[in-house]
Amino acid sequence: MSNPFVRIVEPLDPKQPLKKFFNLSKLEDVRYARLPFSIRVLLEAAIRNCDDFLVKKEDVENILNWKVVQHKNVEVPFKPARVILQDFTGVPAVVDFAAMRDAVKKLGGDPEKINPICPADLVIDHSIQVDFNRRSDSLQKNQDLEFERNKERFEFLKWGSQAFKNMRIIPPGSGIIHQVNLEYLARVVMDQDGYYYPDSVVGTDSHTTMIDGLGVLGWGVGGIEAEAVMLGQPISMVLPEVVGYKLVGNPQPLVTSTDIVLTITKHLRQVGVVGKFVEFFGPGVAQLSIADRATIANMCPEYGATAAYFPVDDISIGYLIQTGRDKEKVMCTKKYLEAVGMLRDFKNSSQDPDFTQVVELDLHTVVPCCSGPKRPQDKVAVSDMKNDFETCLGAKQGFKGFQIAPDRHNSIVKFNFEGCDFELAHGSVVIAAITSCTNTSNPSVMLGAGLLAKKAVEAGLTVKPYIKTSLSPGSGVVTYYLRESGVMSYLSQLGFDVVGYGCMTCIGNSGPLPESVVEAITQGDLVAVGVLSGNRNFEGRVHPNTRANYLASPPLVIAYAIAGTIRIDFEKEPLGINASGKKIFLKDIWPTRNEIQAVERQFVIPGMFKEVYQKIETVNKSWNALDAPSDKLYTWNPKSTYIKSPPFFDGLTLALQTPKTIEDAYVLLSFGDSVTTDHISPAGNIARNSPAARYLTSRGLTPREFNSYGSRRGNDAVMARGTFANIRLVNKFIDKQGPQTIHFPSGETLDVFDAAERYKQAGHPLIVLAGKEYGAGSSRDWAAKGPFLLGVKAVLAESYERIHRSNLVGMGVIPLQYLPGEDAATLGLTGQERYTIIIPEKLKPQMNVQIKLDTGKAFHAIMRFDTDVELTYFHNGGILNYMIRKMAS
């Protein structure tokens, strides 16, 4: 572990003389003191792994020279300390591990080498759905149904927890992965292997960045890349630019952390931070709690950055104590950070590092806002919501338009619900969900919602009974302090009962709407609305029948639920009229910041966190009763529709196959901008007329048993059929939304899967054309695995979201990017041509390759393999193939 750049110092803690650390801050070389704090964590990781075959001592020099080399595509290895997974991405990861063990054994290796070598925590949070709401037993009934639907998946995960070392499963009903990580799993400083070093993490969920709010450097990666990290492979990344985001001023009294993050999201989308780190600094950071910072860091994928880092300060240390962490360990954490110059004082500008670029936000300028109706970066001030929605109604179909004819803007449909008559119109709220770790991790907005509910009930306000209301906290601690502070009963009276501990509505597990509501929406072709405290509102994600979806703070979710419509100006129009005929305005019931803070100080205490988390792994009796096999190799059940051995490694040999030119490929689909991973691989319900539904029906299942795409990610036959199956898919070959395309040899319009099968049977390779931000959104690896199984060999896009590009690389699908200033329109591409992509024998990162068309035209594109390591994966046919060969040999 010798290295010319560091001195190893001991002891930091006299009680633990073996705990050493790298004293980087005492370097005579002052470059370290000018590095952004996030880059310092990368430097620590590189030094810690200096003996690794992929980590060279010059890598350390490159990081120290960050300001000089950051624009030169310098490759840096990053080996995070931990990996976290959730079940939607965790199940396919464990399936891959099981299949990799089989493959290693076939190649003559030791299958048990396929095993995590770093701590891996998998939290089951994506399976529970809002099937029951507005009743006192909703939580239990939803949890019972979750186990009924997912028993087979859960048994498989329990097998994984026993078959693999270093893998811990947090059972269903415990909370949301990122909130559990923030409140319980995160160490901030690791004290393992005889050394102290900064905690760092990657996760199979894009919102892993939430932990950056506590000063733990982390981000989301695809499941494929996470599997390699778990097996000991560093992440090979281009040394990032770091945008310094300076916060100044104090938030106004009515502003919440949700308003701040939606403002930042819009701002940073405009700045352009894809592939970059964002690091927050300035005196305004000191005004934010750790929960506020975590909210901002959580939505990092929505503004496109790799990480959104808040260095550790005294408020971070206080949070560790507040959440019940061991005080002695916390004090050691503080000593270590002080010793290596990584404890931040945001009010001390002399500590401000160098940044690639600095942008600034005055917190005092932030106003209450929402985002929508189809993207998180489309911020709308609450005062403009009514006008904005009404403008969207008539605007051309797009991110801010629904193209409703002017004479239908005021259409009303009458319907009956539980014996009473109601009316729905464009803008009527039919889903109101306090959901997602983005906001439920924050006591200030949750208690704010509770206090608003209390005042609303006391004022005589109610929520219409047909609106699907729900509360799905990110951990049991939330329920604890809502109950102890006395606001839980008021939330229940407005319909916001606890329906489960998981992601639920935020990821599309919103469950069914009442049939009469769906009939009314369909009859009037209404733009019905969902309002949720989540982080994403892409088309088709929240619910198939809510064409408009708005992100809002928990108090605003309740306010819009009471109003029953998004077409309200809260400043001029009352929320409702009580039994006495009095008009009640939002300002009458909105709690002050002082009220909220007083309740928070009294009721959010360390004892709550300790009590909830000390029993987190054993509290679920249904999980404890599961009987899972104990064999090291998994016995695949050919009758299973949930768990299936994937075909990724069929025919794999130790010898490498030379990548070949892709000849005469057809275009499967042609897209515009902002195609998300929800469009490519939806997580929600399986439509009854879809290829996946036909497959499940052929296996003897009824529609009630279909479950969701997300729950079936352990079965490649379902997931291949679910690829590009989003009902809101916009394919330029088709003149309406839907999961279909044209099969050019026959001219027929077919479901995407059926068209791909026709091409595959005829031996034709496929490509996909796309615009900007291809693959935005969730980190789901099936958005790369699915196209791979359909026969897609390459994607040609104007730009990619980071995680999805990495996932394509991991599956051996070539990410091609138009040259600057070029796109499908400038090149005159219709998508009806056939494409030959010339793959040279000698490849190098980000090289230009030639693409020839059957029309005789030719052009060049950038092959987005960004590092030599990614090229190594490509030569192996993907990252998992590379790991299998490595383990087998």
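The legends below describe close-up views of a predicted model.

**View 1. Division of the chain into domains.**
The protein is divided into five stretches or sets of stretches, named domain 1 to domain 5. Domain 1 covers 6-78 and domain 2 covers 80-238. Domain 3 is made of two segments, 240-311 and 346-367. Domain 4 runs over 411-611, and domain 5 over 662-888.

**View 2. The interface of domain 2 and domain 4.**
The C-alpha centres of domain 2 and domain 4 are 30 Å apart. On the side of domain 2, 28 residues make contact, and they meet 36 residues of domain 4. About 2400 Å² is buried between domain 2 and domain 4, with 57% of it on carbon and sulfur atoms. Val130, Arg134 and Ile176 together account for 31% of the area that domain 2 buries against domain 4, which is more than any other three residues supply.

**View 3. Polar contacts and helices at the interface of domain 2 and domain 4.**
Between domain 2 and domain 4 there are 16 residue pairs in polar contact. The number of salt bridges found across this interface is zero. Two elements give two or more residues to the side of domain 2 that touches domain 4: helix H6 (138-163) and helix H7 (177-185). H7 gives the most, with five residues.

**View 4. The largest nonpolar core and Tyr774.**
In soluble globular proteins, nonpolar side chains tend to be buried together. The largest nonpolar core of this model has 295 residues, and the members that touch the most others are Phe280, Tyr560, Leu668, Phe724 and Tyr774. Helix H5 (residues 87-106) provides the largest share of this core, 11 residues. Another core, of 11 residues, lies apart from it and includes Ala692, Leu696, Leu701 and Val718. Tyr774 touches a set of residues beyond four places away in sequence, among them Phe671, Val675, Ile680, Phe724 and Val768. Others touched by Tyr774 include Val795, Ala797, Tyr800 and His804.

**View 5. Ala98 in helix H5.**
Ala98 is part of helix H5. Ala98 counts as buried because its relative accessibility is 1%, under the 20% limit for a buried residue. Beyond its neighbours within four places in sequence, Ala98 is in contact with Trp159, Phe164, Tyr634 and Trp636. Tyr481 is 383 residues from Ala98 in sequence, and the two C-alpha atoms are 41 Å apart in space.

**View 6. The salt bridge of Arg168 and Asp121.**
The model has 38 salt bridges by the rule applied here. In one of them, the side chains of Arg168 and Asp121 meet with N and O 2.6 Å apart. Arg168 belongs to strand E6 (residues 167-170) and Asp121 to strand E5 (residues 120-123), so this pair ties together parts that are 47 residues apart in sequence. Arg168 is partly exposed, with a relative accessible area of 25%, whereas Asp121 is buried, at 3% relative accessibility.

**View 7. The salt bridge of Asp352 and Arg344.**
The side chains of Asp352 and Arg344 form a salt bridge with an N to O distance of 2.5 Å. Asp352 is buried, its relative accessible area being 15%. Arg344 is buried as well, with a relative accessible area of 4%.

**View 8. The salt bridge of Arg694 and Asp751.**
In the salt bridge of Arg694 with Asp751, the closest N and O atoms are 3.2 Å apart. Arg694 sits in helix H26 (residues 691-698) and Asp751 in strand E28 (residues 748-751), so the pair ties together parts 57 residues apart in sequence. Arg694 counts as partly exposed at 40% relative accessibility. Asp751, with a relative accessible area of 16%, is buried.

Helix H32 spans residues 868-875, and its buried residues are Val869, Glu870, Leu871, Tyr873 and Phe874. Among the elements that cover the buried residues of H32 are strand E3 (75-78), strand E11 (235-238) and helix H30 (802-810). Strand E31 (814-818) and helix H33 (879-888) are also included in this cover. Glu870 is linked with Arg805, Arg864 and Asp866 in a network of salt bridges. Gly877 follows H32 and has a positive phi, near 80°.

Terms used. Residues are numbered from 1 along each chain as its sequence is written. This is a predicted model: local features need pLDDT of at least 70, side-chain atom pairs count only at pLDDT 80 or more; totals for chains, interfaces and linings use all residues. Side-chain values use heavy atoms; hydrogens and water are left out. A nonpolar core is a set of buried Ala, Val, Leu, Ile, Met, Phe, Trp, Tyr and Cys residues joined through side-chain atoms within 4.5 Å. Buried means under 20% relative accessible area, exposed over 50%, partly exposed in between (1.4 Å probe, protein chains only). Helices (H or I, at least four residues) and strands (E, at least two) are DSSP runs, numbered from the N terminus. Contact means heavy atoms within 4.5 Å. Domain bounds come from an automatic or database domain assignment. Buried area is the accessible area (1.4 Å probe) that two parts lose on being put together, summed over both. A salt bridge is a side-chain nitrogen of Lys or Arg within 4 Å of a carboxyl oxygen of Asp or Glu. A polar contact is a pair of N or O atoms within 3.5 Å; within protein, one must be able to donate a hydrogen and the other to accept it, and residues adjacent in sequence count only if both atoms are side-chain atoms.
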